[in-house]
Amino acid sequence: MTFPYWPSLLGGMLIGLSATMLLLLNGRIAGVSGIAGRLVQGAQLSANAAFVIGLVMGPPIYLVLFGHWPVVTITASMPTIVIAGLLVGFGTRMGSGCTSGHGVLGLAGFSRRSMAAVVAFLLAGILTVTLMRMAGQ
Amino acid sequence: MTNRISQGAVALGAGAVFGIGLSLSGMLDPARVQGFLDVFGAWDPSLAFVLGGAVAVAMIGMMLMRRMVRPMLDTVFHLPTATKIDARLVTGSAIFGVGWGLAGLCPGPALSALSLGLMPVVAFVVAMVIGMVVHDRLAQGRSA
């Protein structure tokens, strides 16, 4: 029997490694919404811009290593995408974090605050997807 | 100065490792993220393994950090200081969760997937930045 989740597990471990690098070397939290938010505000410009440039370079490096682009399937309509983007930008700033900051580092540090955030965005996400499926989208 | 250059190099490297990890994990794909959130439908558990792997490795990082006086390239650790679970945290996270479910994209994969040059991803990132700016303006107005 083969275990189909190796790429997911290994990919996740690389994300954990990235967070560890940034934490132990730079003393910073690898929370992408925080990094993007500070970049927009122009704070610690060079390091935050460097992280985002690295992030964007990830898929091309993957292409060189594996010979194909990672799959990206988008089914949502353009208006839905724009509304979703606005909500994600607003919500992650208001809630001080996203899947990486609260989800990875918060849970790894046993932060109760992050656990509450993770429960909130998971439940909201599950509810949204379930309602969309029931509405036949 | 040297430290700032090294910090920039570390940030670039960490960003790239993060982006490769996202690509390998399959989480760049909104359809798979929505599949994970679709617990009452055709559930795809992949994201749980991604998060599990990431948290396990980050826990080692957190344990090492607690033994260090300061990070290797800076004088202090820059960690979040808030501890209170308040309405802002929960409401903001829930708003994020709705957007995450609608598009299947969160900030990391959205920024990383910009390199594929797909219009919907570009539109999502532009809208996300606008959402961040709108929030910060409103928050500023309230505290002023």
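Residues are numbered from 1 along each chain as its sequence is written, while chains are lettered from A and ligands numbered from 1 in the order in which they are written. As the model is predicted, local features need pLDDT of at least 70 and side-chain atom pairs count only at pLDDT 80 or more, whereas totals for chains, interfaces and linings use all residues.

Chain A holds six helices and zero strands, where helices (H or I, at least four residues) and strands (E, at least two) are DSSP runs numbered from the N terminus. Read from the N terminus on, its elements follow the order α-α-α-α-α-α. The C-alpha atoms of chain A occupy a box of roughly 45 × 40 × 30 Å along the principal axes. Among contacts in chain A with a separation of 6 or more, 38% involve residues 24 or more positions apart; here two residues are in contact if their C-beta atoms, placed from the backbone, lie within 7 Å.

Gly31(A) counts as buried because 28 other C-beta atoms lie within 10 Å. Although Gly31(A) and Leu105(A) are 74 residues apart in sequence, their C-alpha atoms are 7.8 Å apart in space. Setting aside neighbours within four places in sequence, the contacts of Gly31(A) are Gly97(A), Cys98(A), Ser100(A), Gly101(A) and Leu105(A).

The backbone angles of chain A also deserve a look. Most residues other than glycine have a negative phi. Gln44(A), however, has a positive phi near 40°, and its place is in the loop between α2 (32–41) and α3 (45–66) of chain A. Gln44(A) has 20 C-beta neighbours inside 10 Å and therefore counts as buried. Phe110(A) is also not a glycine, and its phi is positive at about 55°. This residue sits in the loop between α5 (99–108) and α6 (112–134) of chain A. With 10 C-beta neighbours inside 10 Å, Phe110(A) counts as exposed.

Next comes the helix α6(A). Its 23 residues, at 1.5 Å a residue, should span 33 Å, which agrees with the 33 Å between its end C-alpha atoms; the expected span is 1.5 Å times one less than the number of residues. The buried residues in α6(A) include Arg113(A), Ser114(A), Phe121(A), Leu122(A) and Val129(A). The buried residues of this helix pack against α5 of chain A, together with α2 and α4 of chain B. Just after α6(A), Gly136(A) takes a positive phi of about 80°.

Chain B likewise has six helices and zero strands. Its C-alpha atoms fill a box of roughly 50 × 45 × 35 Å along the principal axes, and 51% of its 144 residues count as buried. Contacts between residues at least 24 apart make up 40% of those in chain B between residues at least 6 apart in sequence.

Chain B is divided into domain 1 (1–79) and domain 2 (80–144), with bounds that come from an automatic or database domain assignment. Taken over C-alpha atoms, the centres of these domains of chain B are separated by 18 Å. Their contact takes 11 residues from domain 1 and nine residues from domain 2. On the domain 1 side, α1 (2–25) and α2 (30–37) of chain B each supply at least two residues, and α2(B) gives the largest share, five residues. That side has nine nonpolar, two polar and no charged residues; Ala, Val, Leu, Ile, Met, Phe, Trp, Tyr, Cys and Pro count as nonpolar, Asp, Glu, Lys and Arg as charged, and the others, Gly among them, as polar.

Finally, the two chains meet through 104 residues of chain B and 96 residues of chain A. Elements giving two or more residues to the chain B side are α1, α2, α3 (46–66), α4 (87–103), α5 (107–112) and α6 (119–143) of chain B. The largest share, 19 residues, comes from α1(B). By class, the side of chain B that touches chain A has 69 nonpolar, 28 polar and seven charged residues.

Note on methods: A residue is buried if 20 or more other C-beta atoms lie within 10 Å of its own, exposed if 12 or fewer, and partly exposed in between; C-beta atoms are placed from the backbone.
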